Amino acid sequence: MSSAISRDQNKNRPREPKPAWGWRVTGVILGLVLTLVGAGAVFLNGVQGVQATGLVGTRGTFTVDYCIDTNPSRKNSDYECGGDFTPRGGDADDVWSGRLQNAGDYSAGEKRDVVESWVGSDGHFREVGVGATLGSVVWFCIGLVILAMGVVQVRKWAKSFKR
């Protein structure tokens, strides 16, 4: 006794044509690129987010000497400030020069609570606090979405080679 719906009936159906070989390869490559970009964003913003809390790293005070707008379009300002960093509990002998990344337009002499950046070169500092932490969390989540999109694309197009 067989039912009206049977697997045998599906065997006689013609298969859907596969996408062209070039499209499948392009899909896998695009998926790998998205996966790598997403993983990089997750890693970078994970590290910077943890640092922005101020719980890890060399924390101290950054005294601004000058700030410049590094965005040549002048539509969206992107300030970087130069100045001196004093670690917590340090004195005048412990001061070293550096740059404050992702800064605002601060006036000379303004003091900011910062942590030494683990990502990038020596002498780069990042602000700590709720705003900096939330910014890193937002970019971390965007990185997760890009990572997920890449994994889905790789799986989808890799399966197309099996049929």
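Where is the place of Arg99? Arg99 sits in strand E3. The points below set that residue in its surroundings.

1. **Basis.** This is a predicted model: local features need pLDDT of at least 70, side-chain atom pairs count only at pLDDT 80 or more, and totals for chains, interfaces and linings use all residues. Residues are numbered from 1 along each chain as its sequence is written, and side-chain values use heavy atoms, with hydrogens and water left out.

2. **Overall make-up.** The protein has three helices and five strands. Helices (H or I, at least four residues) and strands (E, at least two) are DSSP runs, numbered from the N terminus. Along the sequence the pattern reads α-α-β-β-β-β-β-α. Of the 163 residues, 31% count as buried. Buried means under 20% relative accessible area, exposed over 50%, and partly exposed in between (1.4 Å probe, protein chains only). Take the contacts with a separation of 6 or more: residues 24 or more positions apart account for 62% of them. Contact means heavy atoms within 4.5 Å.

3. **Strand pairing.** Two strands pair if DSSP finds at least two bridges between them. E1 and E2 run antiparallel and are joined by nine bridges. Gly60 stands opposite Pro87 in E2. E2 and E3 are also antiparallel, over six bridges. There, Phe85 has Trp96 in E3 as its bridge partner. On another side of the pairing scheme, E1 pairs with strand E4 (residues 111-116) in the antiparallel sense over five bridges. Phe62 stands opposite Arg112 in E4.

4. **Strand E5.** E4 and E5 run antiparallel, with three bridges between them. Val115 has Arg126 in E5 as its bridge partner. E3 and E5 run parallel and share two bridges.

5. **Nonpolar core.** The largest nonpolar core has 11 residues: Phe62, Val64, Cys67, Tyr79, Cys81, Phe85, Leu100, Ala103, Tyr106, Val114 and Phe125. E1, strand E2 (79-87) and strand E3 (96-103) are the elements that give two or more residues to this core. A nonpolar core here is a set of buried Ala, Val, Leu, Ile, Met, Phe, Trp, Tyr and Cys residues joined through side-chain atoms within 4.5 Å. In soluble globular proteins, nonpolar side chains tend to be buried together.

6. **Phe85.** Phe85 is one of the core residues. Not counting residues up to four places away in sequence, Phe85 touches Thr58, Arg59, Gly60, Thr61, Phe62, Asp94, Val95, Trp96, Val114 and Phe125. Among these, Phe62, Val114 and Phe125 are also in the core.

7. **Arg99.** At 41% relative accessibility, Arg99 counts as partly exposed. Its C-alpha lies 8.9 Å from that of Phe85, 14 residues apart in sequence. Leaving aside neighbours within four places in sequence, Arg99 is in contact with Phe62, Glu80, Cys81, Gly82, Gly123, His124 and Phe125.

8. **Second largest pocket.** About 180 Å³ of space lies in this pocket. A pocket is found on a 1 Å grid over the protein atoms alone, as an open set of points where a 1.4 Å probe fits, with protein on both sides within 12 Å along at least five of seven lines; lining residues have an atom within 4 Å of a point. Grid points are joined across faces, edges and corners, and the volume is the space filled by probe spheres set on the points. The lining has 13 residues, and Gln48, Asn102, Arg126, Ala132 and Ser136 lie nearest the centre. H2, E3, strand E5 (124-127) and helix H3 (130-159) each supply at least two lining residues. By class, the lining divides into four nonpolar, seven polar and two charged. Ala, Val, Leu, Ile, Met, Phe, Trp, Tyr, Cys and Pro count as nonpolar, Asp, Glu, Lys and Arg as charged, and the others, Gly among them, as polar.

9. **Gly54.** Gly54 is in the loop between helix H2 (21-52) and strand E1 (59-69). Is Gly54 buried or exposed? Gly54 counts as buried because its relative accessibility is 11%. Beyond four places in sequence, Gly54 is in contact with Arg59 and Val128. Gly54 and Asp113 are 59 residues apart in sequence and 9.0 Å apart in space, C-alpha to C-alpha.

10. **Val37.** Val37 lies in helix H2. Val37 is partly exposed, at 48% relative accessible area.
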